[in-house]
Amino acid sequence: MGIATIIAVLLGPILAVWVTRRIDEGRLKQTRRMDVFRTLMRTRRVRLNPDHVGALNLVEIEFYGEPAVIEAWKNYWDHLRQPFPKVPEEQQQFLKHQEGLLTKLLHAIAQSLKFNIEQMDILEGGYVPQGWLNDEQTARELRALALDILSGRRGIPVVPLNLPAANSPYPPPPEETPSTPAVIVRPGSRESS
C-alpha cells in the first residue's frame, strides 16, 4: 500500500499536467480552426481580400486529418489555379463553379466544427456593399491604365482646354493695351546726360 501511495503521489501531478496540456492543445486547435472558418465566411464575397487568401492557405494545415475538408479544399484549390476564360459566357460559368466549390469547402469546414449550416445559407449569405466592388473595379482599371502608360503601350492624351469665359471660375486674363515703345538708354550716350 505504501508503494502505491508513493507512485500515486509522484504520478498524480505528472498526469494532471499532461491532461491539462492535452486539453489546452485541443482548445488552441479549435480556436485556430474557428479563426480560419470565420475569416473565410467573413470574406466569402470579397475573395481578393488578403485575409481570405491567407485563411485559404491555412486550411491545409489547420484541418490536417479531416478528409472531407481537405478534399473540398483541393477541389477548390485546383479550380483557382486554372486560367480565367477569355469568353464572357465561359467566364460566368467559371465563376459560378468557383462559387459552388467555395460553398462546398465552407460547408465541409462547418460540419467539421459541428456547425449546422446549410450549403444554400452559405451560398446566398454574406454582404458586400456595391461601393466596395465599384472601388475595387476602379482601382484595377487605374492600375492597368498606369501600367500601359508606364510600359509605353499607351500615351497620355493631351487636349487643349478652352473654357468659355462665362463658365470659367477664374477671372479673365488682363487685356493687352497698346503701349509706347520702350526707350533704351545706354551709358555715355547723349540721352543719359
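User: Hey, how many salt bridges does the count come to?
Analyst: The count comes to eight, where a salt bridge means a side-chain nitrogen of Lys or Arg within 4 Å of a carboxyl oxygen of Asp or Glu. This is a predicted model, so local features need pLDDT of at least 70 and side-chain atom pairs count only at pLDDT 80 or more, while totals for chains, interfaces and linings use all residues. Side-chain values use heavy atoms, without hydrogens and water, and residues are numbered from 1 along each chain as its sequence is written.

User: Is E62 buried or exposed?
Analyst: E62 counts as buried, at 12% relative accessibility. R32 is partly exposed at 36%. Buried means under 20% relative accessible area, exposed over 50%, and partly exposed in between, with a 1.4 Å probe and protein chains only.

User: Switching topic: what does D78 form a salt bridge with?
Analyst: Its partner is R81, with the closest N and O atoms 2.6 Å apart. D78 is partly exposed at 37%, whereas R81 is exposed at 58%.

User: What about E136 and R140, how many residues apart are they?
Analyst: Four, both in helix α6 (residues 130–151), so about one helical turn separates them.

Key
Helix = DSSP H or I, 4+ residues; strand = E, 2+ residues; numbered from the N terminus.
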